[in-house]
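Let's work through a few exercises together. Have a look at the sequence and the structure first, then try each task before reading its solution.

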Amino acid sequence: MAEMEDQIYTLALSRKDGVDISAISAGIPEHPLETLVNGVNRLLRAGKLDLVQVGDQVLYKGVSLSEMELTARMSEEDRLMYKLIENSGNEGIWVRTLKQKSNLPQTIVNRSLKQLETQGVIKSVKSVKHPTRKLYMLASVAPSADITGGPWFTDQEMDTDFIEQLARQCHQFIYAFSYPRHSPGMVYPASHMGYPTASQIKCFISDNRISTVELSTENIEELLTMLTYDGKIERIAPALDLDMGLRPGGGRAGKPDWMYRALRITATDSPLTDIPCGRCPVASRCSATGSITPAKCVYLAKWLSF
């Protein structure tokens, strides 16, 4: 029996997300299912396995020796809090959810959380989605991008300057490859496949050290989506090979690697149109002296006050 339980324990430790009873049965086929279930129950009582509910599926996770030593020093309430927080992973868990799942009084929940935090076992973090909520997770776990906001947030605040600067660099890079350099007034033929992709733009940002924050291809795609909605670029379907599949080297994990083309900047898109002088009907008569001067212009004064 001890040998079988060691096999179950080793199998459960080898699976990061846990293992269900069918996988245990498949991994240890020499023992009948009933015997394996009894072995699993003994390991649960000994604290060597944790039972985890994932949707409708029941999984068993192996508990490492270091974790067993850690939880052995805890009270029953602290151990329950620790397990609930551990199961929350990098998403963290709200104190109200802890109270509901543990069915413990609020005073005991607060005392256990304070004890675990003082010992450095857990930590509290704030979420950009729910700024008023304090979430708890294991001290060794890094919060998910949904909690921190990813690279677009600094100290729980959206870094609009950083976003605008990166979006501008992406737009300039795409524009440089969207039209023939020697004939900027012309357009490429429909068969042209030289438009940049999100992966290539990411390499450009990384190679030129434009961002000190490490960005993923998904982060770049978020910027490109913003530029698309702003009407500055458009997305083009990726090229297909002869077998009607993705072009060689294109796509990530089955996803198409879309190309992006910048929309042409016209005279009406010039930055000068944001200044009153660019649209002023008497701009030709404006000078440093006289009745029409920048110093006396109410429109320019209003624009400068923004």
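**Exercise 1.** How do H1 and H3 stand to each other: roughly perpendicular or roughly parallel?

*Solution.* Before starting, note that this is a predicted model, where local features need pLDDT of at least 70, side-chain atom pairs count only at pLDDT 80 or more, and totals for chains, interfaces and linings use all residues. Residues are numbered from 1 along each chain as its sequence is written, and side-chain values use heavy atoms, with hydrogens and water left out.

Step 1: find the helices, H1 at residues 2-14 and H3 at residues 33-46. Helices (H or I, at least four residues) and strands (E, at least two) are DSSP runs, numbered from the N terminus.

Step 2: take the angle, which is about 75 degrees, with the axes 10 Å apart. Axes are lines fitted to C-alpha atoms, for helices over the stretch in contact, and angles run from 0 to 180 degrees between N-to-C directions.

Step 3: H1 and H3 are therefore roughly perpendicular to each other (65 to 115 degrees; under 35 would be roughly parallel).

Step 4: look at who touches whom, with contact meaning heavy atoms within 4.5 Å. H1 brings Met-4, Glu-5, Ile-8 and Tyr-9, while the residues from H3 include Leu-36, Val-40 and Leu-43.

**Exercise 2.** Describe how E1 and E2 are joined.

*Solution.* Step 1: strand E1 (residues 49-54) pairs with strand E2 (residues 57-62) in the antiparallel sense, over six bridges. Two strands pair if DSSP finds at least two bridges between them.

Step 1: pick out a pair of residues; Gln-53 stands opposite Val-58 in E2.

Step 2: examine the turn. E1 and E2 make a hairpin with two residues between them, and Gly-55 in the turn has a positive phi of about 65 degrees.

Definitions and conventions:
Angles under 35 degrees count as roughly parallel, over 145 as roughly antiparallel, 65 to 115 as roughly perpendicular and the rest as oblique.
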